[in-house]
Amino acid sequence: MNVASRPVAAGKTRTCPHCKATILESLSICPGCLHHLRFDQEAAKRQVAATSALRVEGVIRHPPLEEPWEYFVVIAIRNDRGEEVTRQVVSVGALQSTEKRTFALSVEVLPAQAPVSANTPKAAAAGSFGAGRKR
């Protein structure tokens with residue numbers, strides 16, 4: 001195992017040096033600006049294994065001949081007890097007559113470590129994410 005693919009604690013964060021977004025330390029590509037952060041084959045395999053747990057998309061169309069609309073986009077995350085964990089305004093703007101905006105929200109989930117290849121012995125695979133669980 002090389003230094004770049006050393007295990008990190010789940011959920012540990014860092015700042016992307018390109019766009020300054022807070023991202024997971026384990027990522028090799030920033031999900032915000034899509035810049036490569038390091039070239040680590042194991043981390044790249046893990047990131048490719050991400051699945052979309054949620055995706056919502058919607059369009060807002062401003063009617064013709066009306067005054068401009070202002071908008072703001074807020075994302076709030078709640079835990080299983082309904083307590084707000086975080087709340088952020090991610091964008092603001094205005095819509096002029098006949099303009100439209102498309103908004104998309106996605107939540108990607110990653111396995112705890114790189115996916116196990118088919119030729120890996122079963123004993124080594126037993127410690128991998130989701131091993132032994134029925135989905």
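**Confidence, core and a ring pair in a predicted chain**

The protein chain averages a pLDDT (the predictor's confidence in each residue, from 0 to 100) of 78, and 72% of the residues score at least 70. This is a predicted model, in which local features need pLDDT of at least 70 and side-chain atom pairs count only at pLDDT 80 or more, while totals for chains, interfaces and linings use all residues. Residues are numbered from 1 along each chain as its sequence is written, and side-chain values use heavy atoms, leaving out hydrogens and water.

Reader: Which element of the protein chain has the lowest mean pLDDT?

Author: Elements are DSSP runs numbered from the N terminus, helices being H or I with at least four residues and strands E with at least two. Strand β4 has the highest mean, 95, whereas the lowest, 42, belongs to helix α2 (residues 122-125).

Reader: How are the ring planes of tyrosine 71 and phenylalanine 103 arranged?

Author: Rings of Phe, Tyr and Trp (its six-membered ring) pair if their centres lie within 6.5 Å, with planes under 30 degrees apart counted as stacked, over 60 as edge-to-face and the rest as tilted. Here the centres are 5.4 Å apart and the planes stand at 80°, so the pair is edge-to-face.

Reader: Is tyrosine 71 buried or exposed?

Author: Buried means under 20% relative accessible area, exposed over 50% and partly exposed in between (1.4 Å probe, protein chains only). Phenylalanine 103, at 26%, is partly exposed. Tyrosine 71 has a relative accessibility of 18%, so this residue counts as buried.
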